[in-house]
There are 2 protein chains.
Amino acid sequence: MRIFDLKAGASTRRVRIFLAEKLLQIPIVEVDLAAGENLRPEFLSKNPMGRMPVLELDDGTFLSESVAICRYVEEELQPEPNLFGSAPRERAEIEMWNRRMEFGLMIPIMTGFEHLSPFWKGKRIQHGPVGEQARQVALERMAWLDDELSGREFIAGSRYTVADITAQCALVLGKNTGVPIDAKFSNLTRWFKEVSSRPTARA
Amino acid sequence: MRIFDLKAGASTRRVRIFLAEKLLQIPIVEVDLAAGENLRPEFLSKNPMGRMPVLELDDGTFLSESVAICRYVEEELQPEPNLFGSAPRERAEIEMWNRRMEFGLMIPIMTGFEHLSPFWKGKRIQHGPVGEQARQVALERMAWLDDELSGREFIAGSRYTVADITAQCALVLGKNTGVPIDAKFSNLTRWFKEVSSRPTARA
């Protein structure tokens, strides 16, 4: 088993943190994004979307999409510590929060990055106001999340779950791309400090 | 139990089809999007994201995010017919395909709609080239999916799953917003005709 990885990616970081929380070590193959390795036929045969991470299983088949990989790891390889929930109601709650963190936080931050960063110049169509609008959404979501976190310790409740991993990776990306957490969001700041101090945060 | 719904929504349609496949009937409350009902405090207390669908449970709590609702329905209310997979490997495969259909197909089609449709004029920043780029991505994904479907009957394998529901709702939206399936994509056309002819398709 091995993982095709991208050290700097937000999705790949989600899987690395998830595996570290499970105390699982899976050999890593770094894919050279700058050289376009992810768009070559050899990689596209592993994941036609041309994205990392990809998990290669021992039978030679491949699995992509971060959350699909994480769920497989929890259900097949290492159930503990539980990060997706146990009973159906809790599992649904965690999935809801994980998706809110993806669609409400990660995507606006990524959209801001794509439209405002020189990194994407010439690779994608960039339109500043679209990026600014996305950042504004990200900031509004942070304000809301700050309010939510006044009443509980973690994103989906009283314990650390996959929803925290998604949120922390989104906010690391935000920090690195011009949308850091405003210090006035004291609950969000407290939470971010806590999850960032976990030994797995730098996986 | 009841569902706060939006008849014309792509996400709400996903849940309605899912419930119909399960032969479940849950009372529906239509939310008046045009009147901004989804952004009023009463609705935001149910889902702070201001989006439909929302499932109200019998204990008075609420669950949002389509896929979280669908998974809860399968795990807690009605396991059959199975739409998320059984063994971990199959479940991961279906989740991977469901996410490819969300991020690779649904989001580009929605982005095209948001940037090119008069419906969104004045509500969001619109930039034609961003919309055209998204439509181009959607068309490329359709070409790829057409190729994938040359070798199997459904999106994630030999049977109908939640990934088919996501793909069909994305392509209904595409059909209604200027990105229909090109007839040259014969496998995709065959598949779309088949899933559209299911009794649940008009749920």
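**Sheets and interface**

Tutor: Helix H3 (residues 66-77) of chain A lies across strand E3 (54-56) and E4 of chain A, and H3(A) runs at about 120° to E4(A). Please keep in mind that this is a predicted model.

Student: What is the strand order of the sheet in chain A?

Tutor: The order is E2-E1-E3-E4 in chain A, an open sheet of 4 strands with mixed pairing. Strand E2 (28-30) and strand E4 (62-64) of chain A each have a single partner strand, so one side of each has no neighbour in the sheet.

Student: By what angle are neighbouring strands of this sheet turned against each other on average?

Tutor: The average is 25° between neighbouring strands, with direction ignored.

Student: In which sense do E1 and E2 of chain A pair?

Tutor: Strand E1 (residues 2-5) of chain A pairs with E2(A) in the parallel sense, over 3 bridges. Within E2(A), Ile28(A) is the residue opposite Ile3(A).

Student: Moving to chain B, which strands pair with E1(B) there?

Tutor: Strand E1 (residues 2-5) of chain B pairs with strand E3 (residues 54-56) of chain B in the antiparallel sense over 3 bridges. E1(B) also pairs with strand E2 (residues 28-30) of chain B, in the parallel sense and over 3 bridges.

Student: Which residues face Phe4(B) and Asp5(B)?

Tutor: Val54(B) in E3(B) is the bridge partner of Phe4(B), while Glu30(B) in E2(B) stands opposite Asp5(B).

Student: What do E1(B), H1 and E2(B) make?

Tutor: With helix H1 (residues 10-21) of chain B, the strands E1(B) and E2(B) make a right-handed β-α-β unit.

Student: Now the interface: how many residues does each chain contribute to the contact?

Tutor: Chain A contributes 39 residues and chain B contributes 39 residues. About 3600 Å² is buried between chain A and chain B, and carbon and sulfur atoms give 59% of that area. Of the area that chain A buries against chain B, 18% comes from Met49(A), Arg89(A) and Arg99(A), more than from any other three residues.

Student: How many salt bridges are found across the interface of chain A and chain B?

Tutor: There are 6 salt bridges across the interface of chain A and chain B. One salt bridge joins the side chains of Arg99(B) and Glu102(A), at 2.9 Å from N to O. The rule also finds 15 residue pairs in polar contact across the interface of chain A and chain B.

Student: And which elements of chain A give two or more residues to the side that touches chain B?

Tutor: They are E4, H3, helix H4 (88-116) and helix H5 (128-148) of chain A. H4(A) gives the most to that side, with 15 residues.

Technical notes
Residues are numbered from 1 along each chain as its sequence is written. Chains are lettered from A and ligands numbered from 1 in the order in which they are written. This is a predicted model: local features need pLDDT of at least 70, side-chain atom pairs count only at pLDDT 80 or more; totals for chains, interfaces and linings use all residues. Side-chain values use heavy atoms; hydrogens and water are left out. Two strands pair if DSSP finds at least two bridges between them. A crossover is right-handed if, with the strands pointing away from the viewer, the path from the first strand over the helix to the second runs clockwise. Axes are lines fitted to C-alpha atoms, for helices over the stretch in contact, and angles run from 0 to 180 degrees between N-to-C directions. Contact means heavy atoms within 4.5 Å. Buried area is the accessible area (1.4 Å probe) that two parts lose on being put together, summed over both. A salt bridge is a side-chain nitrogen of Lys or Arg within 4 Å of a carboxyl oxygen of Asp or Glu. A polar contact is a pair of N or O atoms within 3.5 Å; within protein, one must be able to donate a hydrogen and the other to accept it, and residues adjacent in sequence count only if both atoms are side-chain atoms.
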